[in-house]
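Good morning, and thank you for making time for this item. Please have the structure open as I speak.

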Amino acid sequence: MDVVSTINTDTWVDQHGDALFRFAFFRTRDHVIAEDLVQETFLAALQSKERFKGQSSEKTWLFSILKHKIIDHFRKNKPDRFRNQISQDDHSTKTYFNSTGGWRIHPGDWRTDPGKAQEIKEFLDHFYRCLAALPKRNADAFVYREIDGLNTEEICKLLGITATNCWVILYRARMLLRRCLELAGFNPPNEGLPK
Amino acid sequence: MKHWMFSCEEVSQKVSQSMDVRLPFHHRMAIRTHLLMCRYCARFRRQLNLLRKMSRHDDSGILTPDSPSQLPQESRERIKKSLRNLP
């Protein structure tokens with residue numbers, strides 16, 4: 001059954017527009033950018049409708065497209081402080097460990113487990129910028145795995161890599177991402193310094 | 001800091017991998033033992049779980065005082081028009 005070809009695009013916008021817009025605004029903090037991203041999302045969805053086979057709900061599908069658009073948006077922006085933070089000393093995950101495999105840069109105590117709307121907002125503010133600052137391959141793998149919820153087999157196919165390679169890429173993505181968030185402020189100032 | 005058979009570096013790799021595939025029993029046991037004794041690796045795991053939770057977080061229904069609740073009417077019409085004009 002072709003779900004999407006029967007869609008009335010007007011109803012579509014009425015049904016999902018507000019939620020998509022709020023989501024995009026939550027992360028970009030900019031009306032104009034959020035609107036553009038929502039429009040791009042609907043256009044991309046229409047153009048790729050044959051790839052949507054009704055495995056997920058229409059809403060999930062649209063949000064998945066929007067999330068990719070948001071990350072693309074941040075990636076297109078000039079290198080910001082997040083990218084500088086990551087690139088300076090974190091080229092290799094070896095940076096974090098000493099020669100015997102112990103932590104050299106200790107993971108900080110984030111304390112926050114974002115539960116309230118305000119905390120989530122702050123977290124996501126940094127989250128998407130950090131994600132966009134990752135090397136593209138690592139960011140792509142992370143988005144496929146964590147945001148789209150694909151399994152490693154599907155990711156291997158998409159990126160044309162082996163399973164082992166996929167785990168290495170995901171590991172590096174997670175290391176860089178949590179380090180970037182930590183540098184962005186999810187850490188008390190005196191912790192996490194090399195010892 | 002080295003606990004049992006895995007170093008912190010190895011545990012961090014295994015913790016990450018365990019989010020993507022089910023690890024063999026003895027690996028899971030070794031990790032669990034290490035995590036009980038090593039607060040940094042325990043933090044690391046909590047943080048990776050938080051990354052996953054936030055990646056899948058749907059806050060489209062959450063309203064904050066400084067956030068708009070609706071797509072402005074004007075842009076709604078603009079978007080509808082652009083979709084109609086699509087070949």
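Predicted model: local features only at pLDDT ≥ 70, side-chain atom pairs only at ≥ 80, totals over all residues.

H2(B) passes H3(B) in a left-handed crossing. On the H2(B) side, the contact is formed by His34(B), Leu35(B) and Met37(B), and on the H3(B) side by Arg39(B), Cys41(B), Ala42(B) and Arg45(B). Sorted by class, these residues are four nonpolar, one polar and two charged.

Let us stay with H2(B), residues 25-37, and consider its packing with H1(B), residues 8-18. Which residues of H1(B) meet H2(B)? They are Cys8(B), Val11(B), Lys14(B) and Val15(B), and their partners in H2(B) are His27(B), Ile31(B), His34(B) and Leu35(B). The axes of H1(B) and H2(B) lie 10 Å apart, at an angle of about 120°, so the pair is oblique. Here, too, the crossing is left-handed.

I now move to chain A. Helix H3(A), residues 58-76, and helix H6(A), residues 136-147, have axes that come within 11 Å and cross at roughly 160°. That angle makes H3(A) roughly antiparallel to H6(A), and the crossing is right-handed. H3(A) contributes Lys67(A), His68(A), Ile71(A) and Arg75(A) to the contact, while H6(A) contributes Lys136(A), Ala139(A), Asp140(A), Val143(A), Tyr144(A) and Ile147(A). By class, this contact holds five nonpolar, one polar and four charged residues.

Finally, the interface between the chains. How many residues of each chain take part in the contact? The count is 62 residues of chain A and 49 residues of chain B. The size of an interface is often expressed as the accessible area lost when the parts come together. For chain A and chain B, the buried area is about 5,100 Å², of which 57% is on carbon and sulfur atoms. Nine salt bridges are counted between the two chains. As an example to find on your screens, Asp20(B) forms a salt bridge with Arg145(A), where the closest N and O atoms are 2.7 Å apart.

Terms used:
Residues numbered from 1 in each chain as written. Chains lettered and ligands numbered in written order. Heavy atoms only, no water. Axes fitted to C-alpha atoms, helices over the stretch in contact; angles between N-to-C directions. Helix = DSSP H or I, 4+ residues; strand = E, 2+ residues; numbered from the N terminus. Parallel < 35°, antiparallel > 145°, perpendicular 65-115°, else oblique. Left-handed = near helix turned anticlockwise from the far one by under 90°. Contact = heavy atoms within 4.5 Å. Buried area = accessible area lost by both parts, 1.4 Å probe. Salt bridge = Lys/Arg side-chain N within 4 Å of Asp/Glu carboxyl O. Nonpolar A, V, L, I, M, F, W, Y, C, P; charged D, E, K, R; others polar.
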